[in-house]
Amino acid sequence: MILNGGSPENVSILPSGFSILPDGPKKNGGSTGSLVTMAFQILDTASYATYIPPDLVATIFKLVTETAECIKAAMFNPLNLDINNLSDSGRDNNDQGNRMASSSSSTYNVQTSGSSHESEIKPFWSRTEVGMDFERDRNLFVSVSVGTEAFKIKILDLAITAMNELANMAIENEPLWHPCIAGRILNCAEYIKKFGQVDSHFPVLPNAETYTNPLQTEASRETRFLAVQPVHIVELLMNNEQEQYSPVLSNMVSKAKVLGVLSTQAQGDYNGAMQVMAVKFHASSPLVPNRKCYLARYSRRLNNNAWGVVDVSLQSLFPNPLTRYRRRPSGCLIERFRDGLLEHCEVDNSSVPEVCRYFVTSGQAYGAKQWLSTLVRQHERLTHIRVRRDPKLQLSTGEANLLILADQMMRNFWRNLSFSRKNRWMLVSLSDAENIHKAIIRFVKEKEGRCPGLALVMAATIRIPASARRIFNFLQDENSRSKWDILSHGHVVQQTRSISNGCIPGNHVSILEVKSPEDPDRTVKTLLQESFSTSACSYVTFAPVEASSINMILNGGDSDNVPVMPSGFSILPDGLTGDEVSLMTIIFQILDSAASPMCFPAHSVYSMYKVITETAKAITAGVVDPYNMG
């Protein structure tokens, strides 16, 4: 009609479309990418100014996210590397890209040689991260929604129901709970009998029948004794002003953002306090997908000696058809000197690699034992440091500053364990790999986590036929370091300072000096190392630091501007064989000025892979053969 000359005035239109903008210039010119804004409209007679039907929100959100994924799939060109084309001389002549994680003025060359190799690098994007580009918009939507009175009432009702369920489940024993390696696991049949088969707060997801892998239930419980007042644990979990929760539990919490405070009490009183949060959790291997959700966190004083803090997913109020993780009523029942923690969720584990599969599905990756051991470890660490501050025990200002630097190093290490929109990993596969079948690599921009320059991080998780304790003892002992650290082969490693920060032997921060074999008085490099072990996991993390920086810190100087690039290990039971076999994740960093988010120099990829494979073989030999223990 319009093309034939008719008037467009009475033609109704509902525009949808895109705006495309450059993300901003790089320092060396060009663009870092593009910002695409999508706007979609649909007609819906059931909506009005203060109410949007949840199923409509889910439909629109699915439309937007799937459109975004299609656009990215069409535009993105996976990276491919062919190391067949790299000559040995080509690898050896680029020392600049082979500098091992160090201070800006130190260089460590990794020599590489051998037969030709075939490799491929491709995106390692977990299915759980689909739609992450819209996280900011969704956070805003949830923040605005929880401020309305109608949503407040629904969330409060959900939280009270969740608290009652948590309190009942926390005091039950068999047959509801069965003992296992991860603490206690839930008997789902008994749970259905006691709490009903259908939970009205967790309806079936829209289009759930299209999913090839349904959500599986994980539930576990653990109880430990803690010499701390219950209200202090409640404050750790509920005090959003001091933001203690994420830093203290940073080995499992990637992100925790408070989107709305629905109920507040007097200062220091958390009885009845409630807040809505966006959280993201990570495991001790970057091969294991992150878990993220929106939840309500509610605290209540149950009696004179007990508190409860419960988390519950808001999936029923803010449905998302792409959900891969729902948090059922989970949290802490805290009595005087005793803390019981319960973890209950539904999750899609279909993208977990085989090497980590049982570790995750058995509840050891994200289960109650892992959470509670982390809480106990942090309490012991802070208590130990507080005691050491007693003038009689002489914890100097310098030692306290060194502990602060070590804490920052550990947080950077855990950041590298996480997978997120800003922390994307790429999968690396080499045809001649032995016990490492897959490794992943990511780019680290300058200044990220105090990184002194552009860098690459590579990680791999392997299975070792030895107990976690034996591996931990071998790695944290300076006398055995030259047996697995290829940069210390032929050198003498001396521990020049050790600061205990826990009750378990081996839990300490130390300074290691690698001495020249020709001149024992000359220090080749200085390492800051932290090692600690809990009932659920162990870590050994280290970073090269300039000797002058160490001296400055020990003399009372500020550690804030000291760069750290942590490498190291996480050690966990494999979940299948008890103490006989362990999962070890290896993470190494190198500085590489030629690297970029979309370009990983082949010589660096090969060098890092060589370091990881040789390190893995040396550690396996050292812990399996008792004569190698030294």
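**Group meeting talk: salt bridges and other features of a predicted model**

By salt bridge I mean a side-chain nitrogen of Lys or Arg within 4 Å of a carboxyl oxygen of Asp or Glu. Asp485 sits in the loop between α12 (481–484) and β18 (492–500), and Lys525 in strand β20 (residues 523–533), so this pair ties together parts that are 40 residues apart in sequence. Asp485 and Lys525 are both buried. Buried stands for under 20% relative accessible area, exposed for over 50%, and partly exposed for what lies in between (1.4 Å probe, protein chains only).

Some notes on the source. This is a predicted model, in which local features need pLDDT of at least 70 and side-chain atom pairs count only at pLDDT 80 or more, while totals for chains, interfaces and linings use all residues. Residues are numbered from 1 along each chain as its sequence is written, and side-chain values use heavy atoms, with hydrogens and water left out.

Now the chain as a whole. The protein chain has 14 helices and 23 strands. These are DSSP runs numbered from the N terminus: helices are H or I with at least four residues, strands are E with at least two. Of the 630 residues in the protein chain, 51% are buried. Among contacts with a separation of 6 or more, 66% are between residues 24 or more positions apart; a contact means heavy atoms within 4.5 Å. The protein chain exposes about 28500 Å², and carbon and sulfur atoms supply 52% of that area. Accessible areas come from the Shrake-Rupley method with a 1.4 Å probe, and for residues only the protein chains shown count as cover.

Back to the charged pairs. Side chains of opposite charge can pair when their charged atoms come close. How many salt bridges does a search of the whole structure find? The search finds 18.

One of them joins the side chains of Arg291 and Glu218, at 2.9 Å from N to O. This pair links distant parts of the chain, with Arg291 in strand β10 (residues 291–303) and Glu218 in strand β7 (residues 216–225), 73 residues apart. Arg291 is buried, at 3% relative accessible area, and Glu218 is buried at 8%.

Arg297 and Asp311 also meet through their side chains in a salt bridge, at 2.7 Å from N to O. Arg297 lies in strand β10 and Asp311 in strand β11 (residues 306–313), so the pair ties together parts 14 residues apart in sequence. Arg297 counts as buried at 2% relative accessibility, and Asp311 counts as buried at 4%.

Next, a helix. Helix α4 (residues 149–171) has 23 residues and should span 33 Å at 1.5 Å a residue; its end C-alpha atoms are 34 Å apart, which agrees. The expected span is 1.5 Å times one less than the number of residues. Which residues of α4 are buried? They are Ile155, Leu158, Ala159, Ala162, Met163, Glu165, Leu166 and Met169. An α-helix has 3.6 residues a turn, so residues three or four places apart point the same way.

Last, a loop residue. Ser250 lies in the loop between α7 (245–248) and β8 (253–263). Is Ser250 buried or exposed? At 11% relative accessibility, Ser250 counts as buried. Leaving aside residues up to four places away in sequence, Ser250 touches His282, Arg411 and Trp414.
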